Amino acid sequence: QILNSTVQDPWVRRLIDLECFLLSGLKADGTVAPEVAFMLGERDRSVVDYPLGGSEAIIDALVRGLTRWGGQLKLGAHVEKILIEKGRVAGVQLRRNQRVTAPIVISNATLWDTYTHLLDPEDLPKTYRQEQLSTPAVESFMHLHLGIRADGLEGLTGHHVVVHSDDVDITSPGNTCMISIPSVWDKSLAPEGYHCLHAYTLESFAGWSRDGEYQDRKSLKSQPLYRAVERVIPDIRERIVLELVGTPLTHSHYLRRDRGTYGPAIAPGQGTWPSCHTPILGLYRVGDSTLPGIGVPAVAASGILCANTLVPAPIVLEFLKKYQ
Ligand SMILES: Cc1cc2nc3c(=O)[nH]c(=O)nc-3n(C[C@H](O)[C@H](O)[C@H](O)COP(=O)(O)OP(=O)(O)OC[C@H]3O[C@@H](n4cnc5c(N)ncnc54)[C@H](O)[C@@H]3O)c2cc1C
């Protein structure tokens, strides 16, 4: 509504749509106003921030926080089921028959993974389950990961967005391609003399299977990404020393996300983001299919909202006073 009443220039409208799509997965009419304001504000005032050490450095910082407050991280602990006894949560069942009992369980898996794989249908009220599982989902992705020779690329910059055609919707698979070359900012991410590059574009999960045509389809669908990278590094194909192409099946498998989705497609006015509460006593949800939504800052906020729900306000206040 704000966009329609204030911005008439078609190019600027398309740019705002693009900015919204890059963050929320939806265009301006599907993105909440604060998110749009934040995006445009960042473009105006902020430089590109990149965590030295890559995304691993963010994980390491979170783990340091967890262990500092007595938490313990258990890796390689696939949860098969969330255990429910007499209508309330009792713990989790891990692979290889290991059971962890707990009065509170917080699921960080997507709503679809939590409600289809981790719970049995009868654990949830039928209409609630149906409603939740019918939440629209943003599509998945094609990925291109490359290791390339860096000679002659001295002026290279690290982040690019290529829209191939103005006549095609920006959300069409293959049309908008994002490119990151993080070794431009952090030399530790690639061997000396090389860069690592990641490019990705939206791609539907539907129709993908590991059949006889999988490799050909993979190659075909990676071409829009190659063409986008060629806009930045024209001789990219001659520079490749390592090539890894990922499909929606790869994305779904390694990130363990239902249909490899980017997250819920909940447009303002057409639905509200679920909170951390579930109908099951002691079971909570966090992550990008809960309020406030998709993206690392939003996901961190969902964890804070859940922690504040579980810890009484006087204790939070005492804590804030002690460490402010
Ligand atoms: C290509 C791409 C680019 C992006 N770029 C940005 C960006 O520039 N800025 C930004 O802010 N956001 C970005 N995002 C979005 C952001 O990465 C996500 O919104 C965020 O990482 C989601 O966090 P999450 O913890 O909710 O889910 P996830 O990161 O998916 O974490 C869920 C975890 O649960 C684990 N899990 C699932 N099932 C089980 C099970 N049964 N047992 C045990 N563990 C399980 C998974 O292995 C996974 O580690 C991007 C996303 C993509 C895909």
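This is a predicted model: local features need pLDDT of at least 70, side-chain atom pairs count only at pLDDT 80 or more; totals for chains, interfaces and linings use all residues.
The pairing meets the criterion for a salt bridge because the nitrogen of the Arg side chain has to lie within 4 Å of a carboxyl oxygen of the Asp. Two salt bridges are counted between domain 1 and domain 3.

On the side of domain 1 that touches domain 3, three residues are charged, three are nonpolar and none is polar. Four residue pairs are in polar contact across the interface of these two domains, with both residues of each pair at pLDDT 80 or more.

Domain 1 contributes six residues to the contact and domain 3 contributes 12 residues. Interface size is often expressed as the accessible area lost when the parts come together. Between domain 1 and domain 3 the buried area is about 750 Å², and carbon and sulfur atoms give 72% of this.

## Ligand surroundings

The ligand is surrounded by 20 residues, of which Val79, Arg257, Asp288, Gly295 and Val296 are the closest.

Val79 places a polar backbone atom 2.9 Å from a nitrogen atom of the ligand. In the side chain of Asn108, an N or O atom is 3.1 Å from an oxygen atom of the ligand. For Arg256, an N or O atom of the side chain is 3.2 Å from a nitrogen atom of the ligand. The ligand taken alone exposes 1000 Å², and the protein buries 67% of that area.

Conventions: Residues are numbered from 1 along each chain as its sequence is written. Side-chain values use heavy atoms; hydrogens and water are left out. Contact means heavy atoms within 4.5 Å. Buried area is the accessible area (1.4 Å probe) that two parts lose on being put together, summed over both. A polar contact is a pair of N or O atoms within 3.5 Å; within protein, one must be able to donate a hydrogen and the other to accept it, and residues adjacent in sequence count only if both atoms are side-chain atoms. Ala, Val, Leu, Ile, Met, Phe, Trp, Tyr, Cys and Pro count as nonpolar, Asp, Glu, Lys and Arg as charged, and the others, Gly among them, as polar. A residue is near a molecule or strand if one of its heavy atoms lies within 4 Å of it. Accessible areas come from the Shrake-Rupley method with a 1.4 Å probe; for residues, only the protein chains shown count as cover.
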